[in-house]
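Please read it alongside the sequence and the coordinates.

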Amino acid sequence: MAEENKHNKLTTASGRIYVENENSKTVGPRGPILLEDYILHEKMAHFNRERIPERVVHAKGSGAFGTFTVTNDISAYTKAKVFNKIGKKTKVFLRFSTVGGEKGSPDTERDPRGFAVKFYTEDGNWDLVGNNTPVFFIKDPKKFSDFIHTQKRDPYTNCKSPTMMWDYWSLTPESLHQVLILMSDRGTPVGYRHMNGYGSHTFSMINAKNEKTYVKYHFKTAQGIKNLTDEEAAQMKAKDLDFSQRDLVESIDKGDFPKWNMKIQVMTPEQAKKVDFNPFDLTKVWPHSEFPLIDVGVLELNQNPDNYFQDVEQSAFAPAHLVDGLGYSPDKMLQGRLLSYPDAHRYRLGGNYEQIPVNRCPYAVNNYQRDGVMSVNGNGGRKPNYWPNSFDEVEVDKTYQEPSEQLEENIADWYDRNSKLGGNDHYSQPRALFRDVMSKEEQDNTIKNTIGAMSGVSGPKRDLIINRQLCHWFRMDEEFGARVAKGLGVDLNAVMSASSGSH
Ligand code: HEM
């Protein structure tokens, strides 16, 4: 823009200078408003369009830009350029979130936390859309919408409903591992800086020799794990709804940049065939004793976005967005998510959502996608809009091709995810977590939190739901089950004799 045309006068969106910004144009001081006061229309009309659909899950969130720095050579597993040199730095954007609440909901709810990282790599944007837990509630994407409905509002009361939640969980034993973590102190972290992040799914890596390794991603907080007690979390809801948002913005503003140490676990395809659990089941972890953590690098958040809506609200992450050297896995949940996210973004932000600055790949993007709502990146200019053509030099590059894959089965069917074949042991891993990993204090708190959460179950099916969930807790650990039953005032002898009498 020519210098002489710059000014700081108030204008319409099309640049017309305002002469008046408080009084509408009326016929006489007491008369009606003239239709021609376009500035009034524009102000009202734009305001009416300020809200876009909130994310259907993970609606409340906070985000920041930062840097990922490689500290260890993992070229044995991957040729991804983002990891190809110790000391290499890559710009990232990270969005944290809660899951079930709306955009204005409290930050300290008992809920998993989202941990979604966008790496702006020279081979394209890589999105790792994880949580602060290494497992998830379900193992088939067909169940996701039902599960999420139970975390949202009851269709009649429009209130959150512990009855829906525990009804669903008690009917879905595969959820037990994640429910145990949710009921532990980690269900209410102190903001976003004091929790770990996990890619959760099994992904894969491909090295320069085209060899595939399965991988799980971990981000260990350098700030140390810190959690709120149930009471502290409840108090914080009343005191500061936006506790985690404020904590993140203020710490970055102060120059106290939060960091996470990125690590991986790796498993060869041969090992994957032999382990005694399904390595592609998102309700299971890989034991660290057998699959130790390997250092990769450090992720630091060091820049608050200047404008929340522009960068945080409009950010869009997709597990499908991988780059050369990184791959998917047969995890059914991951496969479902590959489709779901870009679909959600097209609905929430429009078909050209990848042109929004925070989502845009800062390196080369060449394709023949054209037009559509809000095409603002030049739309390919005069360049050809079809391929193949004789005018540009754009080509596909076969050297980027992933190795072909031998599948284990060739019979398509609806395999029961909870049958012996699908891996129906829902109890061993949560049992090990409760007995061998949690301290006595963590065990006590988890039991207390569980009693608190389950005591919200109400209505005519209360006893059925509570007893069904108690059975799962008993199968996991008898003492846990007995203490939760006692806390809920359940007379176990009466339940036992009623159930034995009914058979
Ligand atoms: C089949 C299972 C799942 C489906 C269908 C699903 C679907 C969705 C959808 C539709 C969104 C909103 C996206 C948007 O509007 O931008 C979302 C957000 C999100 N999901 Fe999932 N999800 C699933 C499982 C998971 C799992 C297992 C994790 C973590 C391991 C996860 C982590 C996240 C995160 C972190 C966000 C927020 C991303 C952001 O900050 O913008 N989801 N999910």
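1. A crossing is called left-handed if the near helix is turned anticlockwise from the far one by less than a right angle, and right-handed if clockwise. Helices (H or I, at least four residues) and strands (E, at least two) are DSSP runs, numbered from the N terminus. By the crossing definition, H4 passes H10 in a right-handed crossing.

2. The model is predicted: local features need pLDDT of at least 70, side-chain atom pairs count only at pLDDT 80 or more, and totals for chains, interfaces and linings use all residues. Residue numbers start from 1 along each chain as its sequence is written.

3. Helix H4 (residues 176-183) and helix H10 (residues 428-437) have axes 8 Å apart and pack at an angle of about 25°. Axes are lines fitted to C-alpha atoms, for helices over the stretch in contact, with angles from 0 to 180 degrees between N-to-C directions. H4 and H10 are therefore roughly parallel to each other; angles under 35 degrees count as such, over 145 as roughly antiparallel, 65 to 115 as roughly perpendicular and the rest as oblique.

4. Leu176, His177 and Leu180 of H4 meet Gln429, Pro430, Leu433 and Phe434 of H10, where contact requires C-beta atoms, placed from the backbone, within 7 Å. Five of these contact residues are nonpolar, two polar and none charged. Ala, Val, Leu, Ile, Met, Phe, Trp, Tyr, Cys and Pro count as nonpolar, Asp, Glu, Lys and Arg as charged, and the others, Gly among them, as polar.

5. How do H11 and H13 cross? The axes of helix H11 (residues 440-454) and helix H13 (residues 478-487) come within 9 Å, at roughly 45°, which makes H11 oblique to H13. The crossing is right-handed. Ile447, Thr450, Ile451 and Met454 of H11 contact Phe480, Arg483, Val484 and Gly487 of H13. This contact has five nonpolar, two polar and one charged residues.

6. Around the ligand there are 27 residues, of which His58, Arg95, Gly114, Pro141 and Ser200 come nearest; a residue is near if its C-beta atom, placed from the backbone, lies within 6 Å. Strands E2 (89-98), E3 (113-121) and E4 (124-131) and helix H9 (332-348) each supply at least two residues of this shell. H9 gives the most, with eight residues. By class, the shell has 12 nonpolar, 11 polar and four charged residues.

7. The protein is divided into domain 1 (1-50), domain 2 (61-151 + 181-359) and domain 3 (428-501), with bounds from an automatic or database domain assignment. The centres of domain 1 and domain 2, taken over C-alpha atoms, are separated by 44 Å.

Methods: Two residues are in contact if their C-beta atoms, placed from the backbone, lie within 7 Å.
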